[in-house]
Amino acid sequence: MALAAERRTAARLLLAHPLIASDGPHADLFPLIRRHADWLGKRFQQVLGYRLLVDSSYARLFKAGLGAGSGHRLERSTGTPFTPHTYACLALALSVLVTAPEQMLLSHLVADIRAAAADAGIELEETGRAAGKRTLVAALRQLVDWGVLIETEGHVAALAQEAGGEALITIDRELARVVVAGPLSQARDGADLVRRAADPGFGGPRTYVRRRLVETPVVHLDELTDAERDWLRTRQRREAQAFSELLGLEMEIRAEGVALVDPEEELTDLHLPGTGTVAQAALLLAERLVERLRPQEPGHPATGGTLVIGVAVPDGLVDEVLAGLIAEYGQRSNWQRGYLEDLPSLREAVLDLLVRMRLMARAGRLRAEGEGLPEGYAEEAAEGRTVTDVHGARPGGDGWVLLAAAARYATHVTVRPATAVGKGTDVQEELPL
């Protein structure tokens, strides 16, 4: 039991934090990874097709992508997601750091990044301006968080100071070399890199479905090809046991799809229910939309019913509901003034969270229809195999779709006085059992 618990702890840590330095935030658990490196490497390869590299000073789990629209984005300390420009700065910095000296001045690093951008024909936002400086600082801060850069004297944030501050930076070139996991040398462009990274290779449907289960909040059936749905249908009970033993996750199986649930709530970068204006508004919006748009008689094709994975959200309904929520809860629950006064910004933030939680989506072509598949990927089930029909399970067009998993978040809401240290009132959400 102790051995299994140690391995599960190490596997969960690597899944949540694929790059771990021996002297970083998780240094106390790094010896566990070293101790079980061989077993972990074999299990990650067998189950998910992930390669694990364990060195004396770091461990790197090379994850694979899941295709367009399925990535886990990087964010600034404010929660603002990285822009394409920030990612460009991050990539350019890494291209410089793999051959950089062990230590260098911050100003020299910035000069090298500018030179690398010029060589690659990339137009960087003017790094002499405040916005450009903040963008570059965000990229460098991410490298500090990963342990690639060490702020020996001063801080990379000095770059954003009006006087143009300086700092001495120490570089871990080994870590810099293992940050990038995708097949860069094979890709023709960014879109091709995303497709190639998501190719499960010899593992085929088995590997892709397992990756999808552990890396996303919920997997709806029409997000899988015929071959993937067939494999999941025949294996889901055995897979539930395997994921429980390896990662301590519980599988929740519904007619519309499957989700892996973490009882300890450690393996996610998203939380719903959650604290703050956006999380509260998102949960309340989901509840109202579920009540307004609940299909009359959803069923399953195996029993003669009609499978409903998503329903169309009428134009203007999201704004209508959010405006009502602001009037009902905004002031009493001390929601952020900026959102109370800017409905489009609140809508954008709320929908972004619900999309990342797989509770809402934009209508469009799906993997079940061949969208985003790598070249030569076998999408058809074996001859003679019957798979769940997902045709028409969610609407087409170009609007918003409320997905089946949103029904899990129907809430009972109470508004109670805040604690003594708070102001206003708190919205409390309770999920039905």
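The dialogue below treats confidence, helix pairs and sheets in turn.

Trainee: What is the average pLDDT of the chain, and what share of the residues scores at least 70?

Mentor: One begins with confidence, since this is a predicted model. The chain has an average pLDDT of 86, and 92% of the residues score at least 70.

Trainee: Over which residues does pLDDT stay under 50?

Mentor: That stretch is residues 418–433, and the model gives it 44 contacts beyond four places in sequence.

Trainee: At what angle do helix α1 and helix α3 pack, and how far apart are their axes?

Mentor: For a helix pair, one reads the angle, the axis distance, the handedness and then the residues in contact. Helix α1 spans residues 2–16 and helix α3 spans residues 37–48; they pack at about 60°, and their axes are 11 Å apart. That angle makes α1 oblique to α3. The crossing of the two is right-handed.

Trainee: Which residues of α1 and α3 meet?

Mentor: From α1 come R7, A10, A11, L14 and L15, and these meet W39, L40, F44 and L48 of α3. By class, the contact of α1 with α3 comprises eight nonpolar residues, no polar ones and one charged residue.

Trainee: How do helix α11 and helix α12 pack: at what angle, and with what distance between their axes?

Mentor: Helix α11 (residues 277–293) packs with helix α12 (residues 317–330) at an angle of about 125°, and the axes lie 10 Å apart. The two helices are therefore oblique to each other. Is the crossing left-handed or right-handed? For α11 passing α12, the crossing is right-handed.

Trainee: Which residues make the contact between α11 and α12?

Mentor: On the α11 side they are A281, L284, L285, R288, L289, R292 and L293; on the α12 side, L317, V318, E320, V321, L322, L325, E328 and Y329. This contact of α11 with α12 holds 11 nonpolar, no polar and four charged residues.

Trainee: I now turn to sheets. In what order do β4, β5 and β6 lie, and is the pairing parallel or antiparallel?

Mentor: Strands of a sheet pair through backbone hydrogen bonds, in either a parallel or an antiparallel sense. Here three strands form an open sheet in the order β4-β6-β5, with antiparallel pairing. The edge strands, β4 (103–105) and β5 (149–153), each pair on one side only. On average, neighbouring strands of this sheet are turned by 35° against each other, direction ignored.

Trainee: Over how many bridges do β4 and β6 pair?

Mentor: β4 and strand β6 (residues 168–171) pair over three bridges in the antiparallel sense. L105 has L168 in β6 as its bridge partner. Helix α5 (residues 106–120) lies across β4, β5 and β6, and runs at about 85° to β4.

Trainee: Where does the order β7-β9-β8 apply?

Mentor: It describes another open sheet, formed by three strands with antiparallel pairing. Its edge strands are β7 (219–220) and β8 (250–253), each pairing on one side only. Between β8 and strand β9 (residues 257–261), the antiparallel pairing runs over four bridges. The bridge partner of I253 in β9 is V258.

Conventions
Residues are numbered from 1 along each chain as its sequence is written. This is a predicted model: local features need pLDDT of at least 70, side-chain atom pairs count only at pLDDT 80 or more; totals for chains, interfaces and linings use all residues. Side-chain values use heavy atoms; hydrogens and water are left out. Axes are lines fitted to C-alpha atoms, for helices over the stretch in contact, and angles run from 0 to 180 degrees between N-to-C directions. Angles under 35 degrees count as roughly parallel, over 145 as roughly antiparallel, 65 to 115 as roughly perpendicular and the rest as oblique. A crossing is left-handed if the near helix is turned anticlockwise from the far one by less than a right angle, and right-handed if clockwise. Contact means heavy atoms within 4.5 Å. Ala, Val, Leu, Ile, Met, Phe, Trp, Tyr, Cys and Pro count as nonpolar, Asp, Glu, Lys and Arg as charged, and the others, Gly among them, as polar. Two strands pair if DSSP finds at least two bridges between them. pLDDT is the predictor's confidence in each residue, from 0 to 100.
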